[in-house]
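Some terms used for protein structures rest on cut-offs.

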Amino acid sequence: MSAAQGSDGGFSAEERAAMKSRAAELKAEARSGKAAEKAAADAAAVEAKIAEMPESDRAMATRLHALVAEAAPELQPKLYYGQPGWAKGGKVVVFFRSGLMDKARYSTLGFSENAALDDETGFWPTSYGLERLDDDALPRIRELIVTAAA
């Protein structure tokens, strides 16, 4: 009997540990593949939702989508109540609601309860009305996104 064989002629403890380790690796790879497929599907769904918006809201949502990707790349696109959102750990943190699609006066940039915006005063905004998204607003929005994603 060789040193690598178990006392009963089967696999040694080291071989069994290696097989368990490999099985765990294969399971993790399978989960990772499924997660990657889901992330790609979520991103495609958000892009499709943005594409179907009326032009002015589509322009804002497209710009916001690019800003979130640049400012907080850890946030992943995900639909939130049928509107574009960006999630961390599967939970939406930032979202955009199309005012034109909702038949509302303005669109909304919002932050869910998962956003890290809590203020020591116990009072902070969770949404902002958007009539347009111009260069003057971008630095403040970027700051909010970065803080919310922390």
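A salt bridge is a side-chain nitrogen of Lys or Arg within 4 Å of a carboxyl oxygen of Asp or Glu. The model is predicted.

Q: Why is the contact between D102 and R97 called a salt bridge?
A: The side chains of D102 and R97 meet at 3.1 Å, N to O, and the limit is 4 Å, so the contact counts as a salt bridge. D102 is partly exposed at 34% relative accessible area, and R97 is partly exposed at 26%.

Q: What parts does the salt bridge between R63 and D135 tie together?
A: The closest N and O atoms of R63 and D135 are 2.3 Å apart. R63 lies in helix α2 (residues 55–71) and D135 in the loop between β5 and α3 (138–149), so the pair ties together parts that are 72 residues apart in sequence. D135 counts as exposed, because its 53% relative accessibility is over 50%. A search of the whole structure finds eight salt bridges.

Q: How many aromatic pairs are there, and why is the pair of Y80 and Y81 called edge-to-face?
A: The count is three aromatic pairs. The ring centres of Y80 and Y81 are 4.9 Å apart, within 6.5 Å, and their planes are at 80 degrees, over 60, so the pair is edge-to-face.

Q: Why is the pair of Y80 and F95 called tilted?
A: The centres of Y80 and F95 are 4.9 Å apart and the planes are at 35 degrees. Y80 lies in strand β1 (residues 76–80) and F95 in strand β3 (residues 91–97), so the pair ties together parts that are 15 residues apart in sequence. Y80, Y81 and F95 form one aromatic cluster.

Q: How do you know that strand β4 is largely enclosed?
A: Five of the five residues of β4 (residues 107–111) are buried, so the strand is largely enclosed by the rest of the structure. Both faces are covered, with S107, L109 and F111 on one side and T108 and G110 on the other.

Note on methods. Residues numbered from 1 in each chain as written. Predicted model: local features only at pLDDT ≥ 70, side-chain atom pairs only at ≥ 80, totals over all residues. Heavy atoms only, no water. Phe/Tyr/Trp six-rings, centres within 6.5 Å; stacked < 30°, edge-to-face > 60°. Helix = DSSP H or I, 4+ residues; strand = E, 2+ residues; numbered from the N terminus. Buried < 20%, exposed > 50% of the residue type's maximum accessible area, 1.4 Å probe, protein only.
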